[in-house]
Amino acid sequence: MTDADGRGDTQSTIDDLRELPVLGYAQRIGGPRGRLVLGIGFWNTFGGTATFPKGDPNRPAIDESTAVVLELVPGLAYEVNDFLSLGVGVRLGLGLLSIRSTAKPTDADFSALGVGPGATLGMMVRPTRNLSVGVTYRTPLSAHLRGTGTIYDFPTPGETTSIDDVGHDQRWPAQALLGVSYRLGRWRVAGQIDWTDWSTLDKLVFELRPILTQVQETDFRDSIAVHVGAELVVSPTLTLRAGYTRDGNAIGDRTMQRNYLGGPHHAIAGGVGVRLSPSWRVDAAFEYLFGKTRIVDDNLQEYVDAGFPARANLDPGEYNAKLFTFETNVQYLF
(Lines give C-alpha, C1' and ligand atoms only; values in the text may rest on other atoms or scores of the structure.)
Protein backbone atom coordinates (compact mmCIF):
# COMPACT_ATOMS: atom_id res chain seq x y z
CA MET A 1 0.00 0.00 0.00
CA THR A 2 1.22 3.51 -0.79
CA ASP A 3 -0.05 6.58 1.01
CA ALA A 4 0.70 10.13 -0.10
CA ASP A 5 -0.86 13.43 0.93
CA GLY A 6 1.16 15.57 -1.45
CA ARG A 7 -2.06 16.69 -3.20
CA GLY A 8 -4.11 17.35 -0.07
CA ASP A 9 -6.09 14.42 1.29
CA THR A 10 -4.47 11.09 2.12
CA GLN A 11 -4.39 8.83 -0.92
CA SER A 12 -3.95 5.06 -1.04
CA THR A 13 -3.43 2.61 -3.84
CA ILE A 14 -6.12 0.18 -4.86
CA ASP A 15 -4.58 -3.00 -3.46
CA ASP A 16 -4.70 -5.96 -5.80
CA LEU A 17 -2.67 -8.99 -6.77
CA ARG A 18 -0.44 -8.93 -9.86
CA GLU A 19 1.09 -12.10 -11.28
CA LEU A 20 4.35 -12.17 -13.24
CA PRO A 21 5.73 -15.41 -14.74
CA VAL A 22 9.19 -16.87 -14.19
CA LEU A 23 10.30 -19.76 -16.39
CA GLY A 24 13.70 -21.36 -16.84
CA TYR A 25 15.52 -24.30 -18.40
CA ALA A 26 19.18 -25.38 -18.15
CA GLN A 27 21.05 -28.26 -19.75
CA ARG A 28 24.61 -29.41 -19.00
CA ILE A 29 26.29 -30.48 -22.23
CA GLY A 30 28.39 -33.66 -22.10
CA GLY A 31 26.64 -35.35 -19.19
CA PRO A 32 26.66 -34.63 -15.43
CA ARG A 33 30.36 -33.69 -15.46
CA GLY A 34 30.21 -31.54 -18.59
CA ARG A 35 31.69 -28.07 -18.22
CA LEU A 36 29.37 -26.31 -20.69
CA VAL A 37 25.83 -25.30 -19.66
CA LEU A 38 23.13 -23.89 -21.92
CA GLY A 39 20.12 -22.18 -20.42
CA ILE A 40 17.18 -19.92 -21.10
CA GLY A 41 15.02 -17.91 -18.71
CA PHE A 42 11.99 -15.62 -18.77
CA TRP A 43 11.35 -13.19 -15.91
CA ASN A 44 10.56 -9.63 -14.81
CA THR A 45 13.67 -7.54 -14.15
CA PHE A 46 12.40 -4.00 -13.56
CA GLY A 47 9.13 -2.16 -13.07
CA GLY A 48 5.76 -2.50 -11.44
CA THR A 49 2.19 -1.23 -11.23
CA ALA A 50 0.38 1.33 -9.07
CA THR A 51 -3.32 2.23 -9.24
CA PHE A 52 -5.12 5.04 -7.38
CA PRO A 53 -8.78 6.08 -7.33
CA LYS A 54 -9.42 9.09 -9.55
CA GLY A 55 -9.33 12.23 -7.41
CA ASP A 56 -9.74 15.96 -7.99
CA PRO A 57 -10.18 16.40 -11.78
CA ASN A 58 -8.23 19.66 -11.68
CA ARG A 59 -5.12 18.35 -9.92
CA PRO A 60 -2.41 16.81 -12.15
CA ALA A 61 -1.81 13.19 -11.25
CA ILE A 62 -1.03 9.76 -12.66
CA ASP A 63 -3.93 7.59 -11.53
CA GLU A 64 -2.65 4.30 -12.93
CA SER A 65 0.78 3.36 -14.23
CA THR A 66 2.36 0.14 -15.43
CA ALA A 67 5.97 0.17 -16.59
CA VAL A 68 7.41 -3.34 -16.75
CA VAL A 69 10.05 -5.20 -18.72
CA LEU A 70 9.85 -8.99 -19.16
CA GLU A 71 13.12 -10.50 -20.33
CA LEU A 72 13.78 -13.59 -22.40
CA VAL A 73 17.42 -14.50 -21.76
CA PRO A 74 19.26 -17.36 -23.49
CA GLY A 75 22.65 -17.88 -21.89
CA LEU A 76 25.86 -19.89 -21.99
CA ALA A 77 28.15 -20.74 -19.06
CA TYR A 78 31.51 -22.47 -19.17
CA GLU A 79 33.42 -23.94 -16.23
CA VAL A 80 37.00 -23.24 -17.26
CA ASN A 81 38.36 -25.20 -14.28
CA ASP A 82 37.48 -25.83 -10.65
CA PHE A 83 38.44 -22.21 -9.85
CA LEU A 84 36.87 -20.16 -12.67
CA SER A 85 33.50 -20.10 -14.46
CA LEU A 86 32.36 -17.59 -17.11
CA GLY A 87 28.90 -16.76 -18.44
CA VAL A 88 27.19 -14.62 -21.06
CA GLY A 89 23.52 -14.00 -21.81
CA VAL A 90 21.58 -12.20 -24.54
CA ARG A 91 18.61 -10.24 -23.19
CA LEU A 92 15.48 -9.61 -25.24
CA GLY A 93 13.23 -7.30 -23.24
CA LEU A 94 9.49 -6.97 -23.79
CA GLY A 95 8.51 -3.54 -22.50
CA LEU A 96 4.93 -2.94 -21.32
CA LEU A 97 3.45 0.50 -20.63
CA SER A 98 0.03 1.66 -19.49
CA ILE A 99 -0.79 5.18 -18.21
CA ARG A 100 -4.06 6.74 -17.03
CA SER A 101 -3.55 10.39 -16.07
CA THR A 102 -5.57 13.37 -14.89
CA ALA A 103 -4.82 16.93 -16.05
CA LYS A 104 -1.21 16.17 -17.13
CA PRO A 105 -1.84 18.49 -18.99
CA THR A 106 -5.16 16.85 -19.94
CA ASP A 107 -6.86 13.56 -19.09
CA ALA A 108 -5.37 10.67 -21.07
CA ASP A 109 -5.40 6.88 -21.21
CA PHE A 110 -2.85 5.07 -23.36
CA SER A 111 -0.77 1.89 -23.59
CA ALA A 112 2.14 0.58 -25.66
CA LEU A 113 4.57 -2.30 -25.97
CA GLY A 114 7.84 -3.05 -27.74
CA VAL A 115 11.08 -5.01 -27.59
CA GLY A 116 14.72 -4.12 -27.09
CA PRO A 117 18.09 -5.89 -26.68
CA GLY A 118 20.63 -6.10 -23.88
CA ALA A 119 23.32 -8.41 -22.55
CA THR A 120 24.63 -9.93 -19.33
CA LEU A 121 28.22 -10.91 -18.48
CA GLY A 122 29.21 -12.93 -15.43
CA MET A 123 32.18 -14.53 -13.73
CA MET A 124 32.49 -16.75 -10.65
CA VAL A 125 35.62 -17.85 -8.83
CA ARG A 126 36.00 -20.47 -6.09
CA PRO A 127 39.10 -19.71 -4.00
CA THR A 128 38.24 -22.70 -1.78
CA ARG A 129 35.79 -25.57 -1.96
CA ASN A 130 33.29 -23.75 0.27
CA LEU A 131 33.80 -20.14 -0.88
CA SER A 132 32.36 -18.67 -4.10
CA VAL A 133 32.64 -15.08 -5.37
CA GLY A 134 30.62 -13.86 -8.36
CA VAL A 135 30.36 -10.64 -10.38
CA THR A 136 27.70 -9.75 -12.94
CA TYR A 137 27.24 -6.82 -15.28
CA ARG A 138 23.97 -6.10 -17.08
CA THR A 139 24.04 -3.59 -19.92
CA PRO A 140 21.34 -0.92 -20.30
CA LEU A 141 18.22 -2.12 -22.09
CA SER A 142 16.08 0.19 -24.23
CA ALA A 143 12.86 -0.74 -26.01
CA HIS A 144 10.93 1.49 -28.41
CA LEU A 145 7.26 1.08 -27.52
CA ARG A 146 4.31 1.73 -29.84
CA GLY A 147 0.62 1.72 -29.01
CA THR A 148 -2.70 3.55 -28.97
CA GLY A 149 -4.63 5.75 -26.58
CA THR A 150 -7.35 8.29 -25.88
CA ILE A 151 -7.22 11.96 -24.85
CA TYR A 152 -10.30 13.35 -23.08
CA ASP A 153 -11.70 16.89 -23.16
CA PHE A 154 -9.45 17.71 -26.12
CA PRO A 155 -9.37 19.81 -28.22
CA THR A 156 -12.56 21.11 -26.57
CA PRO A 157 -14.23 20.15 -23.25
CA GLY A 158 -16.39 17.04 -23.60
CA GLU A 159 -14.64 15.90 -26.78
CA THR A 160 -12.65 12.65 -26.98
CA THR A 161 -9.72 12.19 -29.36
CA SER A 162 -8.35 8.76 -30.29
CA ILE A 163 -4.59 8.43 -30.70
CA ASP A 164 -3.40 5.78 -33.14
CA ASP A 165 0.33 6.38 -32.68
CA VAL A 166 1.69 6.36 -29.12
CA GLY A 167 5.48 6.30 -28.88
CA HIS A 168 7.76 5.87 -25.87
CA ASP A 169 11.42 4.90 -25.46
CA GLN A 170 11.42 2.74 -22.35
CA ARG A 171 14.94 2.77 -20.92
CA TRP A 172 16.22 0.54 -18.13
CA PRO A 173 19.59 1.11 -16.45
CA ALA A 174 22.84 -0.82 -16.32
CA GLN A 175 23.63 -2.84 -13.20
CA ALA A 176 26.75 -4.28 -11.57
CA LEU A 177 26.48 -6.95 -8.87
CA LEU A 178 29.04 -8.53 -6.54
CA GLY A 179 28.12 -11.59 -4.46
CA VAL A 180 29.89 -13.85 -1.96
CA SER A 181 28.71 -17.24 -0.70
CA TYR A 182 30.26 -19.50 1.97
CA ARG A 183 29.17 -22.99 2.96
CA LEU A 184 29.79 -24.26 6.49
CA GLY A 185 28.36 -27.71 7.10
CA ARG A 186 24.59 -27.55 6.66
CA TRP A 187 24.68 -23.76 6.56
CA ARG A 188 25.30 -21.42 3.64
CA VAL A 189 25.62 -17.66 4.20
CA ALA A 190 25.71 -15.11 1.41
CA GLY A 191 26.02 -11.38 0.80
CA GLN A 192 25.55 -9.21 -2.28
CA ILE A 193 25.86 -5.56 -3.24
CA ASP A 194 24.10 -4.08 -6.30
CA TRP A 195 24.78 -0.81 -8.11
CA THR A 196 22.07 0.48 -10.46
CA ASP A 197 22.76 3.33 -12.89
CA TRP A 198 19.43 5.14 -12.48
CA SER A 199 21.07 8.56 -13.06
CA THR A 200 21.03 7.96 -16.83
CA LEU A 201 17.22 8.32 -16.75
CA ASP A 202 16.67 12.09 -16.69
CA LYS A 203 13.17 12.24 -18.19
CA LEU A 204 10.28 10.19 -19.54
CA VAL A 205 8.80 11.22 -22.90
CA PHE A 206 5.37 10.02 -24.07
CA GLU A 207 4.49 10.97 -27.63
CA LEU A 208 0.75 10.93 -28.39
CA ARG A 209 1.23 11.79 -32.04
CA PRO A 210 0.33 14.15 -33.57
CA ILE A 211 -1.67 15.78 -30.77
CA LEU A 212 0.47 15.92 -27.65
CA THR A 213 3.88 15.13 -26.15
CA GLN A 214 4.08 14.58 -22.39
CA VAL A 215 7.46 15.01 -20.69
CA GLN A 216 8.06 13.95 -17.09
CA GLU A 217 11.33 14.93 -15.46
CA THR A 218 12.80 12.23 -13.25
CA ASP A 219 16.21 13.42 -12.02
CA PHE A 220 16.96 9.89 -10.83
CA ARG A 221 20.28 9.10 -9.16
CA ASP A 222 22.32 5.92 -8.83
CA SER A 223 21.37 3.56 -6.01
CA ILE A 224 23.10 0.89 -3.96
CA ALA A 225 21.36 -2.16 -2.47
CA VAL A 226 22.90 -4.55 0.07
CA HIS A 227 21.61 -8.09 0.61
CA VAL A 228 22.47 -10.72 3.24
CA GLY A 229 20.99 -14.19 3.57
CA ALA A 230 21.35 -17.65 5.05
CA GLU A 231 20.25 -21.16 4.12
CA LEU A 232 19.98 -24.20 6.37
CA VAL A 233 19.70 -27.73 4.97
CA VAL A 234 17.58 -29.32 7.68
CA SER A 235 17.39 -32.69 5.94
CA PRO A 236 17.79 -34.13 2.41
CA THR A 237 14.18 -33.10 1.76
CA LEU A 238 13.87 -29.76 3.62
CA THR A 239 15.75 -26.45 3.28
CA LEU A 240 14.99 -23.18 5.13
CA ARG A 241 16.06 -19.69 4.00
CA ALA A 242 15.97 -16.11 5.33
CA GLY A 243 17.31 -12.77 4.12
CA TYR A 244 17.46 -9.00 4.54
CA THR A 245 17.89 -6.15 2.02
CA ARG A 246 18.71 -2.47 2.48
CA ASP A 247 17.80 -0.65 -0.74
CA GLY A 248 18.92 2.89 -1.54
CA ASN A 249 16.91 5.81 -2.88
CA ALA A 250 17.03 6.65 -6.59
CA ILE A 251 14.35 9.37 -6.59
CA GLY A 252 15.02 12.95 -5.49
CA ASP A 253 12.49 15.12 -3.68
CA ARG A 254 11.88 17.41 -6.67
CA THR A 255 10.38 14.74 -8.93
CA MET A 256 8.95 12.39 -6.29
CA GLN A 257 5.33 11.45 -6.98
CA ARG A 258 2.82 8.99 -5.60
CA ASN A 259 3.21 6.23 -8.20
CA TYR A 260 6.95 5.88 -7.43
CA LEU A 261 8.19 3.54 -4.73
CA GLY A 262 10.76 6.06 -3.51
CA GLY A 263 13.23 4.72 -0.93
CA PRO A 264 15.26 4.12 1.05
CA HIS A 265 13.65 0.83 2.00
CA HIS A 266 14.22 -2.35 3.96
CA ALA A 267 13.05 -5.83 3.03
CA ILE A 268 12.90 -9.08 4.97
CA ALA A 269 12.37 -12.43 3.29
CA GLY A 270 11.86 -16.07 4.16
CA GLY A 271 11.58 -19.27 2.18
CA VAL A 272 11.37 -23.02 2.24
CA GLY A 273 12.42 -25.71 -0.22
CA VAL A 274 10.99 -29.22 -0.27
CA ARG A 275 12.33 -32.10 -2.36
CA LEU A 276 9.36 -34.30 -3.21
CA SER A 277 11.36 -36.92 -5.11
CA PRO A 278 14.77 -37.24 -6.82
CA SER A 279 13.30 -35.30 -9.77
CA TRP A 280 10.76 -32.89 -8.27
CA ARG A 281 11.39 -29.93 -5.99
CA VAL A 282 9.12 -27.11 -4.78
CA ASP A 283 10.37 -23.79 -3.35
CA ALA A 284 8.26 -20.99 -1.88
CA ALA A 285 9.29 -17.55 -0.61
CA PHE A 286 7.89 -14.23 0.56
CA GLU A 287 9.32 -10.72 0.88
CA TYR A 288 8.02 -7.74 2.84
CA LEU A 289 9.36 -4.34 1.76
CA PHE A 290 8.87 -1.31 3.99
CA GLY A 291 10.37 2.05 4.90
CA LYS A 292 9.81 5.04 7.13
CA THR A 293 7.51 7.86 6.05
CA ARG A 294 9.21 10.15 3.56
CA ILE A 295 8.54 13.88 3.81
CA VAL A 296 8.86 16.03 0.67
CA ASP A 297 8.83 19.72 1.63
CA ASP A 298 6.64 22.34 -0.02
CA ASN A 299 9.41 24.70 -1.14
CA LEU A 300 7.59 26.48 -3.97
CA GLN A 301 7.70 29.93 -2.40
CA GLU A 302 11.40 29.61 -1.70
CA TYR A 303 12.15 28.95 -5.37
CA VAL A 304 9.66 31.59 -6.55
CA ASP A 305 11.53 34.15 -4.46
CA ALA A 306 14.81 32.96 -5.97
CA GLY A 307 13.43 33.23 -9.49
CA PHE A 308 13.52 29.49 -10.27
CA PRO A 309 9.97 28.16 -9.65
CA ALA A 310 10.53 25.20 -11.99
CA ARG A 311 13.07 23.79 -9.52
CA ALA A 312 10.54 23.46 -6.68
CA ASN A 313 9.32 20.05 -5.51
CA LEU A 314 6.51 19.02 -7.86
CA ASP A 315 4.41 16.99 -5.42
CA PRO A 316 5.14 17.83 -1.75
CA GLY A 317 3.67 15.67 0.98
CA GLU A 318 4.25 12.54 3.06
CA TYR A 319 4.86 9.17 1.38
CA ASN A 320 4.79 5.71 2.89
CA ALA A 321 4.93 2.42 1.00
CA LYS A 322 4.72 -1.30 1.77
CA LEU A 323 4.99 -4.15 -0.68
CA PHE A 324 4.38 -7.88 -0.27
CA THR A 325 5.83 -10.35 -2.77
CA PHE A 326 5.12 -14.09 -2.90
CA GLU A 327 6.98 -16.55 -5.11
CA THR A 328 6.53 -20.24 -5.91
CA ASN A 329 8.96 -22.34 -7.92
CA VAL A 330 8.42 -25.87 -9.21
CA GLN A 331 11.58 -27.58 -10.47
CA TYR A 332 12.04 -30.82 -12.38
CA LEU A 333 15.49 -32.39 -12.65
CA PHE A 334 16.30 -34.84 -15.41
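Predicted model: local features only at pLDDT ≥ 70, side-chain atom pairs only at ≥ 80, totals over all residues.
Residues are numbered from 1 along each chain as its sequence is written, and side-chain values use heavy atoms, with hydrogens and water left out.

Let me begin with the charged pairs. Side chains of opposite charge can pair when their charged atoms come close. The structure holds 16 salt bridges, where a salt bridge is a side-chain nitrogen of Lys or Arg within 4 Å of a carboxyl oxygen of Asp or Glu.

One of these joins the side chains of R35 and D82, at 3.8 Å from N to O. This pair links distant parts of the chain, since R35 sits in the loop between strand 3 (23-29) and strand 4 (36-51), while D82 sits in the loop between strand 5 (61-79) and strand 6 (84-102), 47 residues apart. When I say strand, I mean a DSSP run of E with at least two residues, numbered from the N terminus. R35 counts as partly exposed because its relative accessibility is 33%, whereas D82 is exposed, with a relative accessible area of 60%; here buried means under 20% relative accessible area, exposed means over 50%, and partly exposed lies in between, using a 1.4 Å probe and protein chains only.

R126 forms a salt bridge with E79, and their closest N and O atoms are 3.7 Å apart. This pair also links distant parts of the chain, with R126 in the loop between strand 7 (108-125) and strand 8 (131-138) and E79 in strand 5, 47 residues apart.

Elsewhere, the side chains of R254 and D219 meet in a salt bridge at 2.7 Å, N to O. R254 lies in the loop between strand 16 (238-247) and strand 17 (265-275), and D219 in the loop between strand 14 (212-217) and strand 15, so the pair ties together parts that are 35 residues apart in sequence. R254 is buried, at 9% relative accessible area, whereas D219 is partly exposed, at 31%.

Finally, let us turn to S223, which is in strand 15 (residues 223-235). Leaving aside residues up to four places away in sequence, S223 touches D194, W195, T196, W198, G248, N249 and A250, where a contact means heavy atoms within 4.5 Å.

Notes:
Helix = DSSP H or I, 4+ residues; strand = E, 2+ residues; numbered from the N terminus.
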